[in-house]
Amino acid sequence: MTTAMETLENVDSAQLEGLHRALEDSAARDGLLDAAYRTLDTPIGNLLIAATDRGVVRVAFASEGHDAVLDALATRLGSRILRMTSTRGVGGELDAAARELDEYFAGRRTAFDLPLDLSLATGFRRTVLGHLREIAYGSTESYAQVAEAAGSPRAVRAVGSACATNPLPVIVPCHRVLRSDGSLGGYLGGLEAKRALLALEAAA
Amino acid sequence: MRPFESVVEEFGARVFRVCRAVVGPVDAEDAWSETFLAALGAYPRLAPGSDVSAWLVTIAHRKSIDILRAKSRAAIPIGDIPERPSAFGNPDAGRGELWGKVAALPERQRLAVAYHYLGGLPHAQTAELLGGSVESIRRAASDGVAALRNFYVPDLDRRTS
């Protein structure tokens with residue numbers, strides 16, 4: 001036997017999940033969301049994918065701490081952020097991003113066809129991201145080459161920090177930028193992840 | 001301000017308990033949905049450092065009362081219906097009886113139980129929501145709990161149709 005108060009306390013988690021999905025739909029319908037997110041398991045770890053109604057806005061590595069990343073997104077974009085479990089609306093866009101990333105990691109996709117929201121990068125960093133998107137699958141450039149292409153040949157260091165703060169790693173391929181001597185340079189997701197991405201693209 | 005998702009994660013179940021005790025299991029989902037949709041819209045304007053749980057219980061109170069009032073307006077009196085046993089049986093009989101008992105509590109007792117014992121709201125804040133003295137709310141809450149104290153719901157696995 002269960003006491004009345006215990007019964008009043010008892011909540012079915014499946015029911016809460018259903019309510020969460022309905023909230024996602026209503027929030028998207030009413031245009032209430034500043035951003036939405038989901039996660040995806042990949043060969044380089046669990047990735048967080050966040051999107052606004054303009055497009056994918058952030059991809060984050062597990063090593064960045066997804067909670068910290070979400071807190072930062074709330075500060076930058078607004079706190080009305082929900083995890084998407086349904087595949088409608090914004091959830092559908094996140095689903096498409098997850099599908100393309102899956103295909104990429106399986107070696108079946110060499111370019112991403114997704115609307116991107118680059119609002120987390122400003123000024124020169126954004127210019128650099130624009131150029132990074134032009135570096136083809138399987139090829140690499142040096143930080144100096146990217147600086148030159150971005151119109152500021154002496155800004156090699158600034159290119160390095162633009163790569164290090166790339167809000168959309170993997171999709172905007174900062175992993176394709178190496179030091180002039182061919183060594184890896186840095187990577188937000190760790191050098192092992194950078195090595196894995198370059199190996200994946202070399203093998204395809 | 002932390003992402004709203006963490007608010008839903010932390011307080012979703014609590015708000016559901018509150019809504020269900022106030023409006024009953026049939027309308028609880030509507031009350032929950034309206035509460036969180038309103039909370040999501042207002043969230044950016046919530047003062048930093050606010051008691052998020054109390055804020056949500058307050059919204060749940062308003063939304064639940066709206067639902068109760070709308071239902072009582074829609075209800076058409078049709079006279080007394082004689083009680084008779086259901087021909088279909090009721091797999092959830094024990095629980096159904098409990099919800100009937102909760103619904104039959106005087107409203108002030110029911111709300112005081114919901115907000116304090118299920119919503120974690122201090123009696124003083126419940127008194128602000130419902131009017132009256134803190135002492136009267138404390139009494140209403142303990143009377144409500146006392147009325148439910150000797151009521152037991154059969155466990156699922158022991159239930160027979």
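Two salt bridges are counted between chain A and chain B, a salt bridge being a side-chain nitrogen of Lys or Arg within 4 Å of a carboxyl oxygen of Asp or Glu. This is a predicted model, where local features need pLDDT of at least 70, side-chain atom pairs count only at pLDDT 80 or more, and totals for chains, interfaces and linings use all residues. Residues are numbered from 1 along each chain as its sequence is written, chains are lettered from A in the order in which they are written, and side-chain values use heavy atoms, with hydrogens and water left out.

**View 1. A salt bridge between the chains.** Here A:Glu9 pairs with B:Arg17, with 3.7 Å between the closest N and O atoms.

**View 2. What chain A brings to chain B.** The elements giving two or more residues to this side of chain A are strand E1 (2-3), helix H1 (4-9), helix H2 (13-29), helix H3 (66-77) and strand E5 (81-83); helices (H or I, at least four residues) and strands (E, at least two) are DSSP runs, numbered from the N terminus. H2(A) gives the most, with eight residues.

**View 3. The area buried between the chains.** About 2900 Å² is buried between chain A and chain B, 67% of it on carbon and sulfur atoms; buried area is the accessible area (1.4 Å probe) that two parts lose on being put together, summed over both. Look for A:Met1, A:Leu8 and A:Leu19, which supply 23% of the area that chain A buries against chain B, more than any other three residues.

**View 4. Two crossing helices in chain B.** The axes of H5 (residues 107-118) and H7 (residues 134-149) of chain B come within 8 Å and cross at roughly 95°; axes are lines fitted to C-alpha atoms, for helices over the stretch in contact, and angles run from 0 to 180 degrees between N-to-C directions. H5(B) and H7(B) are therefore roughly perpendicular, the word used for 65 to 115 degrees.

Methods
Angles under 35 degrees count as roughly parallel, over 145 as roughly antiparallel, 65 to 115 as roughly perpendicular and the rest as oblique.
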